[in-house]
Amino acid sequence: MNIIDGKQIAQKLRNDIAKKVEKLDRAPGLAVILVGDDPASTIYVRNKDNACKEVGFYSEKINKSANITQQELLDEVIRLNNDDKIDGILVQLPLPKHLDTNLVIETISPEKDVDGFHSENIGKLMQNKANLRPCTPKGVMTMLATTGIDLIGKDCVVVGASNIVGRPMAMELLNAGATVTICNSKTQDLSGKLQRADVIVVAVGVAHLIKGDWIKKGAVVIDVGINRLETGKLVGDVDFESAIKNAGWISPVPGGVGPMTIATLLENTLTAYQNRK
Ligand code: NAD
């Protein structure tokens with residue numbers, strides 16, 4: 001059994017980006033907007049800001065009050081769309097309930113949409129013409145590439161069908177030539193489907209949902225889930241202890257997909273910079 005060490009792969013990606021940035025005549029710029037003071041979001045935004053600094057990017061961390069109006073937030077996005085120092089704009093989700101998340105995402109200029117959530121970028125991913133691709137699924141593809149396993153013709157099961165992870169993840173695997181099954185909370189016989197899978201990607205948000213005996217011997221298992229137990233321990237959606245008995249490759253939580261998401265955000269910001277040049 002092999003561990004897919006997301007922390008190490010992400011560090012290499014960040015080192016490669018830092019080397020490229022040294023040769024540029026202007027630092028790529030990323031703006032991250034945080035609305036309110038949700039503790040998890042605050043940590044994510046801080047981590048993104050630190051990652052930018054580490055690779056030599058220009059970074060703007062914009063904190064807005066939870067009471068911001070829809071128009072004020074849209075105006076901020078439009079200001080950043082028109083700011084030449086900024087190549088990538090990210091609005092940290094979730095937004096407070098009174099704000100229209102979809103409208104905010106659609107207001108981000110598609111060429112600065114480094115989260116890859118704008119309908120234009122999602123549409124291009126569907127057509128296998130993607131340029132800026134959602135960070136978490138793209139990061140998972142980078143992790144899968146390190147295993148050296150050819151995805152063409154493989155049976156892949158994605159558990160979870162959200163707009164930010166499950167759906168784009170399924171499309172990434174399809175674009176790579178795999179046969180893809182997408183499961184959701186209504187799926188019947190989830191374990192039966194998983195038992196036939198060569199590659200499993202789980203993004204649900206339920207601790208220990210996937211049991212070891214649902215995994216085919218030698219399968220690749222990528223765990224996107226992040227769940228905090230009452231003890232404070234951070235775990236994924238896969239029951240890691242039983243899964244390692246069958247998996248050929250497995251990504252841990254923490255230290256798996258999480259660091260890859262941020263490194264891929266930097267990769268996307270560099271792509272956006274290059275496209276804008
Ligand atoms: P979400 O709540 O938007 O979507 C969850 C999906 O899981 C839905 O499609 C739902 O139908 C499906 N689901 C729920 N119960 C199920 C069940 N019993 N069997 C099969 N499918 C089921 O969640 P999300 O935003 O996609 O995030 C999923 C998890 O991934 C969360 O734990 C989140 O914290 C984590 N996450 C991690 C990263 C990272 O960088 N590591 C990034 C994004 C999300």
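How many salt bridges does a search of the whole structure find? The search returns 15 salt bridges, a salt bridge being a side-chain nitrogen of Lys or Arg within 4 Å of a carboxyl oxygen of Asp or Glu. The structure is a predicted model, in which local features need pLDDT of at least 70 and side-chain atom pairs count only at pLDDT 80 or more, while totals for chains, interfaces and linings use all residues. Residues are numbered from 1 along each chain as its sequence is written, and side-chain values use heavy atoms, with hydrogens and water left out.

Side chains of opposite charge can pair when their charged atoms come close. One of the pairs joins Lys 12 to Asp 16, with 3.0 Å between the closest N and O atoms. Both residues belong to helix H1 (residues 6-22) and are four residues apart, about one turn of the helix; helices (H or I, at least four residues) and strands (E, at least two) are DSSP runs, numbered from the N terminus. Lys 12 is exposed at 53% relative accessibility, whereas Asp 16 is partly exposed at 28%. Here buried means under 20% relative accessible area, exposed over 50%, and partly exposed in between (1.4 Å probe, protein chains only).

A salt bridge also links Lys 85 and Asp 83, whose closest N and O atoms are 3.5 Å apart. Lys 85 is partly exposed, with a relative accessibility of 42%, and Asp 83 is buried at 11%.

In the pair formed by Lys 216 and Asp 198, the closest N and O atoms lie 2.7 Å apart. Elsewhere, a network of salt bridges links Arg 26, Asp 84, Asp 87 and Arg 276.

The whole structure was also searched for cavities, and one of 30 Å³ or more was found. On a 1 Å grid over the protein atoms alone, a cavity is a set of points where a 1.4 Å probe fits but cannot get out, and lining residues have an atom within 4 Å of a point. Grid points are joined across faces, edges and corners, and a volume is the space filled by probe spheres set on the points. The largest cavity holds about 50 Å³ of space. Its lining consists of Val 91, Leu 93, Ile 105, Ile 108, Asp 113, Asp 115 and Phe 117. Five of these lining residues are nonpolar, none is polar and two are charged; Ala, Val, Leu, Ile, Met, Phe, Trp, Tyr, Cys and Pro count as nonpolar, Asp, Glu, Lys and Arg as charged, and the others, Gly among them, as polar.

Technical notes
On a 1 Å grid over the protein atoms alone, a cavity is a set of points where a 1.4 Å probe fits but cannot get out, and a pocket is an open set with protein on both sides within 12 Å along at least five of seven lines; lining residues have an atom within 4 Å of a point.
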